[in-house]
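Welcome! Please take a moment to look over the sequence and the model below, and then we can walk through one part of it together.

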Amino acid sequence: MEANETHQAAFAVPKRNFKLAVTRNKIKRQLREAYRLNKHVLTDVNGEKFALLILYIGKDNPEFDKLNASLQVLLNKIS
């Protein structure tokens with residue numbers, strides 16, 4: 001594994017729960033921003049590189065603050 005490789009993250013929102021692409025894309029944008037703000041937690045892991053798939057399975061349109069807090073908890077559990 002090369003030294004310049006980084007963690008990878010993918011985000012998915014099911015079409016079953018959100019029919020409009022605009023809504024799905026908005027949620028994915030919010031998830032990506034929350035990950036960007038909190039990914040520094042993962043750099044403390046001892047050189048391990050991994051891929052994450054974050055799947056939003058809720059049925060309601062989330063607020064950014066709630067997503068951000070949930071993602072912080074998730075990343076802290078991983079590291």
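Predicted model: local features only at pLDDT ≥ 70, side-chain atom pairs only at ≥ 80, totals over all residues.

Setting aside neighbours within four places in sequence, Lys-28 is in contact with Phe-11, Ala-12 and Val-13. Phe-11 is 17 residues away along the chain, yet the C-alpha atoms of Lys-28 and Phe-11 are separated by 6.1 Å.

## The helix that holds it

Helix α1 runs over residues 21-38, 18 residues in total.

Which residues of α1 are buried? They are Thr-23, Arg-24, Ile-27, Gln-30, Leu-31, Ala-34, Tyr-35 and Asn-38. These residues cover an arc of only 135 degrees around the axis, so they lie on the same side of α1.

## What the buried side meets

The buried residues of α1 pack against β1 (8-12), β2 (51-55) and α2 (64-78). In the largest nonpolar core, which has 14 residues, those touching the most other members are Ile-27, Leu-31, Tyr-35, Tyr-56, Leu-71 and Leu-75. At least two core residues come from each of α1, β2 and α2, and α1 gives the most, with four.

Tyr-35 has contacts beyond its neighbours within four places in sequence, among them Ala-9, Phe-11, Leu-52 and Leu-71.

Notes:
Residues numbered from 1 in each chain as written. Heavy atoms only, no water. Expected span 1.5 Å × (residues − 1). Buried < 20%, exposed > 50% of the residue type's maximum accessible area, 1.4 Å probe, protein only. Arc of directions from axis to C-beta. Contact = heavy atoms within 4.5 Å. Core = buried A, V, L, I, M, F, W, Y, C linked by side-chain atoms within 4.5 Å.
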